[in-house]
Amino acid sequence: MIAGIETHQIYAVTAGLLFCMSLGGLFLCGHFFKKIIATKILGTAVFLLFISLGKRNAMEFADPVPQAMVITGIVVAVSAGAFALALARRIWRETGQSTFEDKP
Amino acid sequence: MTLNEWLPLIIVASSLVPGLVIFFLAEHQVTARTVLNLFGATLKLLLVLVVYYGILRGNEYEFRYDIGVDLEFSLRVDLLSLLFAILSSILWLVTTLYAISYLEGSPNRRRFFGFFSICVTASTGIALSGNIVTFFIFYEFLTLATYPLVVHRGTEAALQAGRTYLWYTIGGGTVLFVGVVWLFVLGGSMEFDRTGALAGLAGEHSGQLKILFWVLIGGLGVKAALVPLHGWLPIAMVAPAPVSALLHAVAVVKAGAFGILRVVYDVYGIELAEELGLLTGLAVIASVTIIYGSMRALAQDDLKRRLAYSTVSQLSYIALGTATLGVTGSIGALVHLVHQGVMKITLFFCAGNLAETLGLHKVSELNGVGRRMPLTMAAFTVAAFGMIGLPPIAGFVSKWYLGLGALEAGRPWIVAVLLTSSMLNAAYFLPIVHAAWFREPDGEWTVKRRARYLETSWMLLAPAIATAVLSLAIGLFAATQWSPLEMARQIAEAWYADR
Amino acid sequence: MCFLLPARLRAPTGLAVAAVTAAAAVALAWQVAVDGMIRHNLGGWDAPLGIGLYADGLSCVFLVLTGVVGLLVSVYARSFFSLPEEQEGATKLFWPLWLILWGALNGMFLSADLFNLYVTIEVVGLAAVALTVLSGRPPALVAGLRYLLAAIAGSMAYLMGVALIYGSVSALDLQVVAQSIEGGSSLRVAFGLMIAGLLVKTAVFPLHFWLPSAHSSAQAPVSAILSALVVKASFYLILRLWVDVFDGSVTVAAGQALGALGAAAVLWGSYQALRQRRLKLMVAHSTVGQIGYMFLLFPLITLAHQGGADAPWLIHAWTGGIYQALAHGLAKAAMFLAVGVFVLAVGSDDREATVDLVGRLPMTTFALALAGVSLIGLPPSGGFVAKWMLLKATFTSGQWWWAPVILIGSFLTAGYVFMVLRQAFAPTKTPIQLKPVPRAMEVTALLLGAAAILIGFRAEEVLFLLDVEAPFQEAVEAEEGGGL
């Protein structure tokens with residue numbers, strides 16, 4: 001462990017990096033599937049940050065509130081992702097389109 | 001709340017309610033529609049007269065209603081509002097009669113009469129508004145209510161005219177909106193009976209007040225058809241004759257002129273306007289408009305277009321009188337508001353009769369028409385002479401006071417403007433009168449006159465004759481107690497009382 | 001719950017639920033107006049731990065707006081979805097989805113904690129996307145996916161902000177957070193993230209890219225819901241955060257930046273609307289422009305706040321912004337419903353096809369005209385009150401540079417509204433056969449249009465309601481903070 005830096009801080013920084021990367025991916029990638037993956041990574045980044053918060057006060061045990069939020073968040077994110085995938089598949093089936101630029 | 005508080009609202013509603021009900025009637029329910037229309041018009045006239053009587057006895061009529069924060073809706077009756085309200089309710093009644101006959105058998109009459117009533121509601125609202133916000137609300141409402149009337153025929157030309165009309169009036173409305181809000185920020189809600197709210201600001205904000213004045217005039221000038229904002233008026237001529245009559249004599253243009261009166265006398269007050277040196281500019285613009293309108297009128301062959309340019313010119317007499325300092329000039333402006341309305345509506349009725357009965361639209365087609373339609377042309381002649389300013393017709397009275405006022409204020413050039421304009425008026429009206437009475441007809445009239453019948457339907461004829469007689473009467477009896485002149489004198493003297 | 005019902009029972013049930021919900025919203029607003037702010041802690045836990053529901057004037061105003069628009073749209077939808085030509089796709093899912101959406105909206109207006117707000121806004125977003133793609137037509141699907149991705153990105157940015165806030169103050173309840181905020185860079189980042197995320201959802205220029213296609217390709221009642229209510233939800237949330245939570249830490253520059261975005265939206269949206277040939281696209285672009293007006297609220301209230309809480313234009317700016325939201329909600333719903341009627345009857349939504357609309361569909365034209373008047377801001381209408389207040393606030397506060405934006409915006413709006421109405425007055429030589437449209441649809445559109453006009457006659461009640469726990473009454477707020 002590098003001196004002065006706690007594990008949860010590494011998590012937090014990673015979360016920030018992931019957040020930026022996935023936002024970039026969301027805007028730059030053309031394919032629907034890549035965009036959806038990008039939103040999933042975006043979610044992961046946020047949840048990672050939440051988890052890292054749970055340990056920040058060097059308490060005996062982790063703060064349960066962020067964990068509760070993450071669980072809720074994951075449920076929402078999974079359903080949103082499933083919905084997006086279903087939409088993308090439907091679009092592909094009906095028009096053969098896999099990016100926003102394609103004209104059907 | 002007492003009846004006196006409700007009366008102003010009832011006066012406004014007396015045309016709004018019939019208007020709204022008409023929309024729900026079926027197209028073929030002619031009788032119900034006519035009864036409703038005439039009932040509303042008569043009721044309004046009676047109520048306005050009742051209020052006039054009350055005001056003379058010292059009653060106060062005021063209706064207030066909070067919209068929110070500091071927006072307040074207020075209807076208040078003073079003599080100036082009565083002057084305009086009486087004018088619009090009399091002319092509305094007459095025009096309704098005329099329109100019923102004029103539009104007989106044409107499609108979409110339900111829509112027409114519905115908006116017609118709403119349009120008069122707006123102009124009565126303008127007359128009765130007690131503060132600048134209420135004035136603005138009705139002013140914009142008028143734009144909306146007149147648009148369907150202008151495009152009523154639905155032809156390409158009508159749509160085009162409607163579009164021009166909208167761009168002008170909405171542009172003017174937007175400018176006025178800025179002005180009104182600005183005024184509000186500077187001086188509060190601007191009740192029309194508390195002149196001088198701005199006077200205290202003169203030292204500190206005189207620059208702002210000057211700009212603001214021109215913003216307000218710019219907004220109002222569109223409807224008042226001040227050059228160069230007059231472009232919509234001649235184009236809006238495509239509307240049916242009753243609409244043109246109402247637009248030109250009462251509703252739209254008068255709303256602008258009335259607004260200028262309110263701004264100069266009740267918002268700024270004479271002293272402040274004089275102190276800031278605003279009136280000379282207004283007088284110059286008005287003079288330019290008067291001369292320019294008359295010159296353009298000379299060149300028109302289409303009768304209604306000629307009348308339209310004449311309106312541009314005549315209307316600015318009101319602004320000119322307003323800008324002439326002194327009680328006589330103000331009397332001239334006020335009384336011309338009424339006189340021009342009565343005379344101009346006569347002219348439009350006659351033009352409508354010619355078009356409706358014989359299909360004549362052009363000045364060059366009018367040779368000898370006086371023999372075919374003597375009554376119509378007699379009415380036309382009376383009104384045209386009035387416009388030129390021949391005594392004893394109404395127009396003479398207003399020009400007399402305007403000229404006298406100009407001399408009193410020490411501005412002889414205004415007299416020169418008036419004289420030039422009268423000459424030009426003569427130059428574009430007299431040939432019509434001459435041709436109608438003294439020239440031989442170009443050929444047989446396409447529509448034969450039936451023996452023992454009137455020259456055209458009585459419902460078209462009666463309004464024209466009535467207003468012609470009226471314009472003669474208010475000129476002849478100008479000195480009596482109940483004349484518009486007397487009312488104008490009272491209003492103007494109240495303005496100058498504290499000087 | 002509606003999922004469980006057989007298809008034919010859904011519409012009546014949905015309508016009944018809609019009526020009850022709307023009535024409840026009005027009742028709550030009444031109670032708040034009479035008794036003041038209401039706070040209810042679910043499960044009996046107190047603020048730092050439990051989940052609180054909270055109703056003040058601001059939430060009530062939005063609740064009632066949602067109730068009124070929701071109820072009328074429900075009536076419209078009942079007729080709309082019983083038409084044979086609107087049966088394709090998964091339209092039978094309309095009722096459950098719409099009621100979920102409505103529930104989530106209400107939940108959002110009443111939530112008192114940051115994470116709950118996240119959950120509700122996510123549910124709103126998902127339900128809205130599901131409604132968009134209801135018809136199953138390819139353009140709607142593509143637009144829906146674009147909407148969904150934007151919505152996810154927006155809510156994730158918001159959630160990131162929530163995480164950062166929790167990291168620094170260990171609390172989620174709005175009031176608790178508001179009291180323990182001290183500033184600092186991480187808070188600023190959090191605030192920026194949350195606002196940016198919500199801006200995407202509100203479709204503020206230049207983040208509006210998803211809105212026109214989504215709103216115009218959805219079916220008429222859905223478009224009305226999306227434009228009138230869903231974008232208002234995230235606007236409400238921005239407003240809530242701005243004035244209640246980050247009250248002390250917002251800067252003038254931030255306010256100006258939001259105002260500038262709003263101004264750009266007004267100009268760009270209205271200009272684009274003017275250029276559209278398809279009616280639904282026109283109305284959708286007009287939403288972008290009208291939302292811009294609401295954002296002019298922020299620079300005005302922020303400067304007021306910096307210059308002391310009793311700045312005279314504060315009440316104007318505040319009322320103006322909220323009134324814009326209300327008037328636009330009603331007018332835009334009316335407009336989408338009226339255009340829906342028109343498309344059904346004529347079978348085209350080309351702007352040129354509105355020829356002689358007055359003669360053929362007078363009631364719908366009237367609805368369109370009333371809504372248009374309010375959007376332009378001509379008196380007397382709700383839009384007029386909004387623009388009056390905003391304009392007055394810009395003058396009083398000396399931020400006159402917003403005034404031309406307001407005016408040019410209404411001028412452009414007048415342009416596109418009258419472009420449609422102008423055609424409407426032109427008579428046709430060849431009468432076009434119209435499909436019959438259920439009367440209920442025409443009537444609801446007209447009622448909404450009339451409501452947009454009527455709220456311009458009486459701002460007092462709304463103002464009174466807004467006054468309950470208005471965020472600027474420092475004294476009241478402090479007293480209440482002590483109580484918790």
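Trainee: Where is B:Pro392?
Mentor: B:Pro392 sits in the loop between H16 and helix H17 (394-408) of chain B. Keep in mind that this is a predicted model.

Trainee: Is the peptide bond from B:Pro391 to B:Pro392 cis or trans?
Mentor: That bond is cis, with omega near 5 degrees. Most peptide bonds are trans.

Trainee: Which peptide bond into B:Pro228 is it, cis or trans?
Mentor: Cis again: the bond from B:Val227 to B:Pro228 has omega near 5 degrees. B:Pro228 belongs to the loop between helix H7 (202-223) and helix H8 (232-235) of chain B.

Trainee: And what about phi at B:Ala225?
Mentor: B:Ala225 has a positive phi of about 55 degrees, although it is not a glycine. Most residues other than glycine have a negative phi. B:Ala225 is in the loop between H7 and H8 of chain B.

Trainee: Buried or exposed, B:Ala225?
Mentor: B:Ala225 counts as buried because it has 29 C-beta neighbours inside 10 Å, and the cut-off for buried is 20 or more.

Trainee: What is phi at C:Ala203?
Mentor: Positive, about 65 degrees, and C:Ala203 is not a glycine either. C:Ala203 lies in the loop between helix H7 (185-202) and helix H8 (211-217) of chain C. C:Ala203 is buried, since 31 other C-beta atoms lie within 10 Å.

Trainee: Back to chain B. Which helix holds B:Thr376?
Mentor: Helix H16 of chain B, residues 374-388. B:Thr376 has 29 C-beta neighbours inside 10 Å, so B:Thr376 counts as buried.

Trainee: Which residues is B:Thr376 in contact with, leaving aside neighbours within four places in sequence?
Mentor: B:Thr376 is in contact with B:Cys350, B:Asn353, B:Leu354, B:Glu455, B:Thr456, B:Leu461 and B:Ala464.

Trainee: And what separates the C-alpha atoms of B:Thr376 and B:Lys344?
Mentor: 14 Å, with the two residues 32 apart along the chain.

Trainee: Chain C next. How many helices and strands does chain C have?
Mentor: Chain C has 20 helices and 2 strands. Of the 484 residues in chain C, 65% are buried. Among contacts in chain C with a separation of 6 or more, 80% are between residues 24 or more positions apart.

Trainee: What span does H16 of chain C reach?
Mentor: H16 of chain C, residues 382-397, has 16 residues and reaches 23 Å from its first C-alpha to its last. That is close to the 22 Å expected at 1.5 Å a residue.

Trainee: How many residues of H16(C) are buried?
Mentor: 16 of its 16 residues, and H16(C) is mostly covered. Just after H16(C), C:Gly398 takes a positive phi of about 80 degrees.

Trainee: At what angle do H4 and H9 of chain C pack?
Mentor: Helix H4 (residues 114-132) and helix H9 (residues 220-245) of chain C pack at an angle of about 160 degrees, with their axes 11 Å apart. H4(C) is therefore roughly antiparallel to H9(C), as angles over 145 degrees count that way. H4(C) passes H9(C) in a left-handed crossing.

Trainee: Which residues make the contact?
Mentor: From H4(C), the residues include C:Leu117, C:Ile121 and C:Val124. From H9(C), they include C:Val222, C:Ile225 and C:Leu226. By class, the contact of H4(C) with H9(C) has 11 nonpolar, 2 polar and no charged residues.

Trainee: Now between chains. How many residues of chain B are in contact with chain C?
Mentor: 25 residues of chain B are in contact with 30 residues of chain C. Strand E1 (62-68), helix H5 (132-150) and helix H6 (156-187) of chain B each give two or more residues to that side of chain B. H6(B) gives the largest share, 11 residues. The side of chain B that touches chain C divides into 17 nonpolar, 4 polar and 4 charged residues.

Trainee: And how many residues does the contact of chain C with chain A take?
Mentor: 21 residues from chain C and 31 from chain A. On the chain C side, H4 and helix H5 (138-169) each supply at least two residues. H5(C) gives the most, with 16 residues. The side of chain C that touches chain A has 17 nonpolar, 2 polar and 2 charged residues.

Notes:
Residues numbered from 1 in each chain as written. Chains lettered and ligands numbered in written order. Predicted model: local features only at pLDDT ≥ 70, side-chain atom pairs only at ≥ 80, totals over all residues. Helix = DSSP H or I, 4+ residues; strand = E, 2+ residues; numbered from the N terminus. Expected span 1.5 Å × (residues − 1). Buried ≥ 20, exposed ≤ 12 C-beta atoms within 10 Å, placed from the backbone. Contact = placed C-beta atoms within 7 Å. Nonpolar A, V, L, I, M, F, W, Y, C, P; charged D, E, K, R; others polar. Axes fitted to C-alpha atoms, helices over the stretch in contact; angles between N-to-C directions. Parallel < 35°, antiparallel > 145°, perpendicular 65-115°, else oblique. Left-handed = near helix turned anticlockwise from the far one by under 90°.
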